[in-house]
Amino acid sequence: MFKNNVGRLDRILRVIVGLGLISLVFIGPQSLWGWVGVVPLLTGLIGTCPVYTLLGIRTCARR
């Protein structure tokens with residue numbers, strides 16, 4: 001369906017940032033803005049970023 005356009009290091013960083021933002025919902029300021037972390041978490045897990053697709057960016061190796 002979607003082609004991978006997010007490289008390994010990019011995926012790892014997205015998952016870490018996503019989990020960090022989501023953790024703000026439970027600890028810290030407990031703001032609902034922490035749920036924004038779902039976006040980088042999901043894009044890191046599936047390996048596809050819609051914004052990268054629109055801009056023609058790839059951080060992964062071509063096959």
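Start with the open space: the largest pocket in this predicted model has a volume of about 160 Å³. Rolling a probe the size of a water molecule over the atoms shows where empty space is left. Here a pocket is an open set of points on a 1 Å grid over the protein atoms alone, where a 1.4 Å probe fits, with protein on both sides within 12 Å along at least five of seven lines. Its volume is the space filled by probe spheres set on those points, which are joined across faces, edges and corners. Thirteen is the count to look for in the lining (residues with an atom within 4 Å of a point), and Lys 3, Asn 5, Thr 48, Cys 49 and Thr 53 lie nearest the centre. By type, the lining has six nonpolar, five polar and two charged residues; Ala, Val, Leu, Ile, Met, Phe, Trp, Tyr, Cys and Pro count as nonpolar, Asp, Glu, Lys and Arg as charged, and the others, Gly among them, as polar. Helix H3 gives the most to the lining, with three residues.

A word on the ground rules. Residues are numbered from 1 along each chain as its sequence is written. As this is a predicted model, local features need pLDDT of at least 70 and side-chain atom pairs count only at pLDDT 80 or more, while totals for chains, interfaces and linings use all residues, and side-chain values use heavy atoms, with hydrogens and water left out.

Now step back to the whole chain. It has three helices and zero strands, running α-α-α from the N terminus on; helices (H or I, at least four residues) and strands (E, at least two) are DSSP runs, numbered from the N terminus. The C-alpha trace spans about 40 × 20 × 20 Å along its principal axes. Of the 63 residues, 30% count as buried, meaning under 20% relative accessible area, with exposed over 50% and partly exposed in between (1.4 Å probe, protein chains only).

After H2 comes Gly 47, with a positive phi near 80 degrees.

On the H1 side, find Arg 14. Buried or exposed, where does Arg 14 fall? Arg 14 is buried, at a relative accessible area of 13%. Leaving aside residues up to four places away in sequence, Arg 14 touches Val 6, Pro 40, Leu 41, Thr 43, Gly 44, Cys 49 and Tyr 52, a contact being heavy atoms within 4.5 Å. Val 17, also in helix H1, is partly exposed at 47% relative accessibility. Its C-alpha atom is separated by 11 Å from that of Thr 43, 26 residues apart along the chain.

Between H1 and H2 there is a loop holding Gln 30. Most residues other than glycine have a negative phi, but the phi of Gln 30 is positive, near 50 degrees. Gln 30 is exposed, at 56% relative accessibility.

Finally, the aromatics: the whole structure holds one aromatic pair. The rings of Phe 26 and Trp 35 have centres 6.0 Å apart and planes at 80 degrees, so the pair is edge-to-face. Rings of Phe, Tyr and Trp (its six-membered ring) pair if their centres lie within 6.5 Å, with planes under 30 degrees apart counted as stacked, over 60 as edge-to-face and the rest as tilted. Phe 26 is exposed at 54%, and Trp 35 is partly exposed at 40%.
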